[in-house]
Amino acid sequence: MLIKKIYCKDAHDYFKQVEQMGMRSWVYRGHSRFADDGPNNWKLESSLDRFLRNHRGKAIPSSSWYPRERAQINRFRGAAHIHLGHLPDSNDKLTWLALMQHYGSPTRLLDFTFNPAAALYFALRESGKSTGPYSIHALHVDSVRGRAKAAREKLPQYEKIVPPFNPKTEEYGVGTKPAAVDFVGFFDGSKLNPRQEAQDGLFMIPSRIDLDIEDWLHKNLVPVKAIKPHDTPWVEFVFDNEQDSYYKVVNQLLQMGMTAKRLFPGLEGICESMKYSWLEVVKNLEPFDL
């Protein structure tokens, strides 16, 4: 099997595994639900793809998706100057999508981070002591980019030249039409706003709004012995979340300073951190140091 599942007892066990993987060679995404392909499992899918799938039969037809994506960007761009001091270039569609996602709009983007501790925080964020297992997906960045490059070699514009390692913005067909071949890419979002910088974030972008990302990864990624220590470009770290292990992991994460105040600069982080001040999990920290 391509995806390697590693079961972790606690945060220390997780970080022991992660420290064997190259820094910034991998990206991570925390999921608050894991059911080993059961109905409660959270897939690697965008908020927009999930929304359209959940409302199948009532959503607009797929022929209207790309004009609607363009209209959504234009609508947000038209209002953004009222609320934001710094705006992206008007033609920078990926950055506009990232900002839309930041403020709560469903988009085709998926949040990832270079920081494995931040991914664990987000896996815990919507978990609890009785919500069942949770997990963190880890993907080897250059493996994903290399397979996307191979897929794009079939495009007419690359008949005589080698495609760049990172797809150009227009190759994703944002607001125009689905790409002629299926692939996924990454877009660095760390400089968009203080939150993305604090979270060391980046985005995965599928070439189609409804691209089944997990299916594409399964079909295109291959085990590689040179990718140490697991010989595969896709790892999922699973926490059973049994008994009081939830509180143990929360304690370990907060002890190392991975708090809401760090990940969400401003009042949002202060307020989110307040929920942990109601728990007796961190004995040597003042309540509002969380």
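Me: Is Leu267 buried or exposed?
Reply: Leu267 counts as exposed, because its relative accessibility is 68%. Exposed means over 50% relative accessible area, buried means under 20%, and partly exposed is in between, with a 1.4 Å probe and protein chains only.

Me: What kind of model are we looking at?
Reply: This is a predicted model, where local features need pLDDT of at least 70, side-chain atom pairs count only at pLDDT 80 or more, and totals for chains, interfaces and linings use all residues. Residues are numbered from 1 along each chain as its sequence is written, and side-chain values use heavy atoms, with hydrogens and water left out.

Me: Back to Leu267. Where does it lie?
Reply: Leu267 lies in helix H11, residues 267-273. Helices (H or I, at least four residues) and strands (E, at least two) are DSSP runs, numbered from the N terminus.

Me: New topic. What is the volume of the largest pocket?
Reply: The largest pocket has a volume of about 910 Å³. A pocket here is an open set of points on a 1 Å grid over the protein atoms alone, with protein on both sides within 12 Å along at least five of seven lines; a cavity is a set where a 1.4 Å probe fits but cannot get out, and lining residues have an atom within 4 Å of a point. Grid points are joined across faces, edges and corners, and the volume is the space filled by probe spheres set on the points.

Me: Which lining residues are closest to the centre of the largest pocket?
Reply: Arg29, Asp111, Phe122, Arg125 and Glu126, out of 34 lining residues. By class, the lining of the largest pocket has nine nonpolar, 15 polar and ten charged residues. Ala, Val, Leu, Ile, Met, Phe, Trp, Tyr, Cys and Pro count as nonpolar, Asp, Glu, Lys and Arg as charged, and the others, Gly among them, as polar.

Me: Which elements supply at least two residues of that largest pocket lining?
Reply: Among them are strand E2 (26-31), helix H2 (47-54), helix H4 (93-102) and strand E3 (110-113).

Me: Arg29 came up. Where is it, and is it buried or exposed?
Reply: Arg29 is in strand E2. Arg29 is buried, with a relative accessible area of 16%. Arg29 and Ala138 are 109 residues apart in sequence, yet 6.7 Å apart in space, C-alpha to C-alpha.

Me: And the second largest pocket, what is its volume?
Reply: About 310 Å³. Of its 16 lining residues, Leu48, Leu52, Arg68, Gln72 and Pro106 are the closest to the centre. Helix H3 gives the most to the lining of the second largest pocket, four residues. That lining divides into ten nonpolar, three polar and three charged residues.

Me: How many cavities of 30 Å³ or more are there?
Reply: One. The largest cavity holds about 30 Å³ of space. Its lining is Tyr121, Leu124, Val250, Leu253, Leu254 and Tyr276. Helix H9 gives the largest share, three residues. The lining of the largest cavity has six nonpolar residues, with no polar and no charged ones.

Me: Now the backbone. Which peptide bond is cis?
Reply: The bond from Lys228 to Pro229 is cis, with omega near 5°. Pro229 is in the loop between helix H8 (213-220) and strand E7 (234-239). Most peptide bonds are trans, and most residues other than glycine have a negative phi.

Me: What is the phi of Arg24?
Reply: Arg24 has a positive phi of about 65°, although it is not a glycine. Arg24 sits in the loop between helix H1 (11-18) and E2. Arg24 is partly exposed, at 49% relative accessible area.

Me: And Asp200, what phi does it have?
Reply: Asp200 has a positive phi of about 50°. Asp200 lies in the loop between H7 and E6. At 21% relative accessibility, Asp200 counts as partly exposed.
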